[in-house]
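Me: I would like to go through this model with you, one topic at a time. Shall we begin with one of the sheets?
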Amino acid sequence: MVTPRGAEGRTRTLDRLERACPGGVRVDEPMAKHTTIGAGGRARYFAIPRSTGEVVGLVRAALELDIDYIGIGRGSNLIVRDGGFSGLVIKVADNMRNLRLFSRTAHAEAGVSFTRLGRTLTREGRPGFEFAVGIPGSVGGAVRMNAGAFGRDIARVLKKATVVDGEGRVVRFTPEELGFGYRQSALPSDAIVLSVIFNCPPGEIDKEALRLSRSRGETQPLAQKSFGSTFKNPPGGVAAKMIEECGLKGTRRGGAMVSDKHANFIVNVGTKTEANDIEDLIDFIINRVKARFGVELTPEVIIIGDR
Ligand SMILES: Cc1cc2nc3c(=O)[nH]c(=O)nc-3n(C[C@H](O)[C@H](O)[C@H](O)COP(=O)(O)OP(=O)(O)OC[C@H]3O[C@@H](n4cnc5c(N)ncnc54)[C@H](O)[C@@H]3O)c2cc1C
């Protein structure tokens, strides 16, 4: 039960967050609505800022209130545990979708859909973004994850990222400072990407890369709720192949199932699927693959919140 003191504290917190983002703050928001897997707990505070200024204001408010915060995009690589996230979730992707093209660069706000970025630049004859078509995240999420496919990734095309850091300052990072690796960056967890400048001089579009991007549906369960690949490929191996060779396609925990179509995808086939079901299935897969191949798979999906 919430004590009066707790309730008062909550109201004070809400008032302060509302000042930073008027009309854009919710309490106890179900995160299943904001993740492509469609399951998981609630965010105690949840904000949808309309501008870069509001994101910065929310970060500064969270620092002042001493509450945890996290920036999210389209929730396409995210699980929020059933116990929920007790701080503030700042959803960058609903607004902040401005994309401008210049002669050799493109400027994208962090909420721009990564697929839209790929489609627009490809249509305009700017190569290097063919792989982005079909990746259902945002530009901000793509920076954090170093999103990529078919041997290409965002690290190769990013010129600068503007970020609000863990002290509420707006700073610019170069690719070197972002420390990109395979499906990861060294962007601190309390930093939120506001916008990105991409290098995109005109050139020849890679038609084969575009064909591969457009034919994802042949190998991936795109009609079902998922977060894409569950695990990173281990050095020298392919996670999907290992999981399939363990005979795990179709394995279920509650409403979470290893896809029949692509063994590295977990799909939500239930109506009351819990984040716990998904995490149990992830642990089960890790143990089975380790027992058979001696390799410990590392999740690519980001898991936050309390059990
Ligand atoms: C069907 C399907 C196919 C996919 N295929 C691919 C693929 O081919 N290649 C690939 O790389 N990924 C793929 N993904 C995974 C996912 O789309 C990418 O990881 C994407 O970059 C995540 O972006 P997002 O906006 O959805 O991030 P979220 O899921 O919202 O968040 C993921 C992480 O990024 C952080 N984050 C989000 N926005 C920001 C921001 N503005 N500033 C700072 N941190 C932020 C979050 O805190 C979290 O840690 C796929 C997912 C699905 C569902």
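Reply: This is a predicted model. Strand β14, residues 256–258, is joined to β15 by three bridges, and the two strands run antiparallel.

Me: Which residue in β15 stands opposite Ala 256?
Reply: Ala 256 has Asn 268 opposite it in β15.

Me: What lies over the face of Phe 284?
Reply: Arg 253 does, at 4.4 Å from the ring centre.

Me: Now the four-strand sheet. What is its order, and what is the sense of the pairing?
Reply: Four strands form an open sheet in the order β1-β2-β5-β3, and the pairing is mixed. Strands β1 and β3 are the edges, each pairing on one side only. From one strand to the next, the twist averages 35°.

Me: Which pairs of strands are parallel or antiparallel?
Reply: β1 (residues 25–30) and β2 (residues 42–47) pair in the antiparallel sense over five bridges. β2 pairs with β5 (residues 85–91) in the parallel sense over four bridges. β3 and β5 likewise pair in the parallel sense, over four bridges.

Me: Which residues face each other as partners in these pairs?
Reply: Glu 29 has Ala 43 in β2 as its bridge partner. Ala 47 has Ile 90 in β5 as its bridge partner, and Ile 72 stands opposite Lys 91 in β5.

Me: And which strands does α2 touch?
Reply: Helix α2 packs on the sheet, touching β2, β3 and β5. The direction of α2 makes about 165° with that of β5.

Me: What span should helix α2 have, and what are its end C-alpha atoms apart?
Reply: Helix α2 covers residues 52–65, which is 14 residues. At 1.5 Å a residue they should span 20 Å, and the end C-alpha atoms are 20 Å apart, so the two values agree.

Me: Which residues in α2 are buried?
Reply: The buried residues in α2 are Glu 54, Val 55, Val 56, Gly 57, Leu 58, Val 59, Ala 61 and Ala 62.

Me: Is Asp 66 buried or exposed?
Reply: Asp 66 has a relative accessible area of 69%, so it is exposed.

Me: What about Asp 28: where is it found, and what is its phi?
Reply: Asp 28 is found in strand β1. Its phi is near 55°, again a positive value in a residue other than glycine. Asp 28 has 30% relative accessibility and therefore counts as partly exposed.

Me: Changing topic: how many aromatic pairs does a search of the whole structure find?
Reply: The search finds two aromatic pairs. In one of them, the rings of Phe 114 and Phe 131 have centres 5.7 Å apart and planes at 65°, so that pair is edge-to-face. Phe 114 lies in helix α3 (residues 114–123) and Phe 131 in the loop between α3 and α4 (139–145), so the pair ties together parts that are 17 residues apart in sequence.

Me: Are Phe 114 and Phe 131 buried or exposed?
Reply: Phe 114 is buried, with a relative accessible area of 1%. Phe 131 also counts as buried, at 2% relative accessibility.

Me: How are the rings of Phe 129 and Phe 198 placed?
Reply: Their centres are 5.6 Å apart and their planes are at 90°, so this pair is edge-to-face. The pair links distant parts of the chain, 69 residues apart: Phe 129 is in the loop between α3 and α4, and Phe 198 is in strand β12 (residues 192–199). Both Phe 129 and Phe 198 are buried.

Me: Last one: which residues does Thr 122 touch?
Reply: Leaving aside residues up to four places away in sequence, Thr 122 touches Phe 129, Glu 130, Ile 205 and Leu 210. Thr 122 lies in helix α3 and is buried, with a relative accessible area of 10%.

Definitions and conventions:
Residues numbered from 1 in each chain as written. Predicted model: local features only at pLDDT ≥ 70, side-chain atom pairs only at ≥ 80, totals over all residues. Heavy atoms only, no water. Pairing = 2+ DSSP bridges. Phe/Tyr/Trp six-rings, centres within 6.5 Å; stacked < 30°, edge-to-face > 60°. Buried < 20%, exposed > 50% of the residue type's maximum accessible area, 1.4 Å probe, protein only. Lys NZ or Arg CZ within 6 Å of the ring centre and 35° of its normal. Expected span 1.5 Å × (residues − 1). Contact = heavy atoms within 4.5 Å. Axes fitted to C-alpha atoms, helices over the stretch in contact; angles between N-to-C directions.
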